[in-house]
Amino acid sequence: MPLDLKNTRIAVVGLGYVGLPLGVAFARHFPTLGFDINVDRITELRGGSDRTREVSAGDLASSDLQFSHKLSDLGNCNVFIVSVPTPIDEAKRPDLTPLIKASETIASVLKPGDVVIYESTVYPGATEEDCVPVLEKGSGLNFNEHFFVGYSPERINPGDKEHRFETIVKVTSGSTPKVADYVDALYGTVVTAGTHKASSIRVAEAAKVIENTQRDVNIALINELAVLFGRLGIDTLEVLEAAGTKWNFLPFRPGLVGGHCIGVDPYYLTHKAQEIGHHPEIILSGRHVNDRVGLYVAATLIKLMSQGGLPVAGGRVLIMGLTFKENCPDLRNTRVVDIIDELSDYGITVDVHDPWADAAEAKEEYNITLTSEPSEASYHAVVVTVGHTAYKDQGASAIRKLLKPEGILYDLKGLFPRDEVDGRL
């Protein structure tokens, strides 16, 4: 194996929100190939453009990272870093298809001494129990004899320009102590924040999956409180502001919980728990609460419209924001669609605006046609669903110009003062 870092030649497999920044960082220190089966993505990156906006055009142009979709180009590499998505299916069960297919691809070029490092979020045991057999079968090589594996979970926060790959402590692990040292040293060359070497791959896998599970459960508590306070006629954000004056109060806020991490990762842990006969009550309860926030928001808006004498069936509502989080083009697992679908079921015409979202992707993934320029005095209600800076800078008074007389402004994200909106979560 290439224990000498000078002999390391890296292939990053999967060039999305995680893989591309990873590849650019490693290319500053090692010969690095960015590999993706999406030919359009490779063409786009070769042309100097990144639709995820995680890497600037300048950084992309100055990078030594090479790009390819051809299997033959992987053969010269001896370290393969897998950064493909790990989604859930319609039944909310882990879908390891991208991970298995990436493992099959690598297996076809795997050589004695090579190292495969997984970054994708999985349940404890997946790397060695699900991926390694695929590598062995496809390569004809023996695990920990001819090839080795590591696990270093991704911690990329899409849209976050402060917490970048290099500035977040990296958890590392390997299938043998020697491999663990090598993987840790490899990441240590590019991660300025330092590394944390876990004692085993399973520990590293578990550490990753509970990071987002912890956030999910905490947000679920606040979302449940928001429903309670709403029925009591108390403003949730005012309560949180008051409670937040205590030094150890955790500053979580209510909202939709989507995206490829927080809204997905807990299901990987609950799947593994149920597989071994344990029913994870708190985790599943938190998921249940968060998965229903969109329905609650829609119901609250319909109630406000009805109380205000505004039409429901035949009404018109503008949704401001489709991405799963602010100032980011990521549409994966956005829960804004729950609000859109519920309002549409009531016969409401729903327009959607988002300055960050890609119109073609919105149409392809959700069959939503984005509205580029909402017309003034056109809507019975406007719901600000994503806290884009552009919306905050626009201000509540400007957004109100889009409303018909007596129209309702619902601020899901708490962007504006309470007295400037008609409702908020």
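Me: How do helix α7 (residues 201-232) and helix α10 (residues 281-291) pack, and how far apart are their axes?

Reply: An axis is a line fitted to C-alpha atoms, for helices over the stretch in contact, and angles run from 0 to 180 degrees between N-to-C directions. Here α7 and α10 pack at about 55°, and their axes lie 8 Å apart. This is a predicted model: local features need pLDDT of at least 70, side-chain atom pairs count only at pLDDT 80 or more, and totals for chains, interfaces and linings use all residues. Residues are numbered from 1 along each chain as its sequence is written, and side-chain values use heavy atoms, with hydrogens and water left out.

Me: What are α7 and α10 called in terms of their orientation to each other?

Reply: Under 35 degrees counts as roughly parallel, over 145 as roughly antiparallel, 65 to 115 as roughly perpendicular, and the rest as oblique. So α7 and α10 are oblique to each other. Their crossing is left-handed. That word applies if the near helix is turned anticlockwise from the far one by less than a right angle; clockwise gives right-handed.

Me: Which residues make the contact between α7 and α10?

Reply: Contact means heavy atoms within 4.5 Å. From α7 come Thr213, Asp216, Val217, Ile219, Ala220, Asn223 and Glu224. From α10 come Ile282, Ile283, Gly286, Arg287, Val289 and Asn290. Six residues of this contact are nonpolar, four are polar and three are charged. Nonpolar covers Ala, Val, Leu, Ile, Met, Phe, Trp, Tyr, Cys and Pro; charged covers Asp, Glu, Lys and Arg; the others, Gly among them, are polar.

Me: Where do the helix labels come from?

Reply: Helices (H or I, at least four residues) and strands (E, at least two) are DSSP runs, numbered from the N terminus.

Me: At what angle do helix α9 (residues 265-275) and α10 cross?

Reply: They cross at roughly 145°, and their axes come within 10 Å. This crossing is left-handed. Pro266, Tyr267, Leu269, Thr270 and Gln274 of α9 meet Ile283, Leu284, Arg287 and Asp291 of α10. The contact holds five nonpolar, two polar and two charged residues.

Me: How do helix α4 (residues 97-107) and helix α5 (residues 126-139) pack?

Reply: Their angle is about 30°, with axes 8 Å apart. They are therefore roughly parallel to each other. The crossing of α4 and α5 is right-handed. On the α4 side are Leu99, Ile100, Ser103, Glu104, Ile106 and Ala107; on the α5 side are Asp130, Cys131, Val134, Leu135, Gly138 and Ser139. Seven of the contact residues are nonpolar, three polar and two charged.

Me: What span should helix α11 (residues 293-307) have?

Reply: The expected span is 1.5 Å times one less than the number of residues. The 15 residues of α11 should span 21 Å, and the end C-alpha atoms are 21 Å apart, which agrees.

Me: Which residues of α11 are buried?

Reply: Buried means under 20% relative accessible area, exposed over 50%, and partly exposed in between (1.4 Å probe, protein chains only). In α11 the buried residues are Val293, Gly294, Val297, Ala298, Thr300, Leu301, Ile302 and Met305. They pack against α7, α10, β9 (316-320), α12 (336-345), β11 (379-384) and β12 (403-411).

Me: What lies in the loop between α11 and β9?

Reply: Gly308 is found there. With a relative accessible area of 46%, Gly308 is partly exposed. Its C-alpha atom is 8.5 Å from that of Ile408, 100 residues apart along the chain. Gly309, which follows α11, has a positive phi near 75°.

Me: Is Val336 buried or exposed?

Reply: Val336, in helix α12, is buried, with a relative accessible area of 2%. Beyond its neighbours within four places in sequence, Val336 is in contact with Leu256, Ile319, Gly321, Leu322, Thr323, Thr385 and Val386.

Me: And Val183: buried or exposed?

Reply: Val183, in helix α6 (residues 177-188), counts as buried at 0% relative accessibility. Not counting residues up to four places away in sequence, Val183 touches Ile117, Gly150, Thr172 and Ser173. The C-alpha atoms of Val183 and Ser173 are separated by 6.7 Å.
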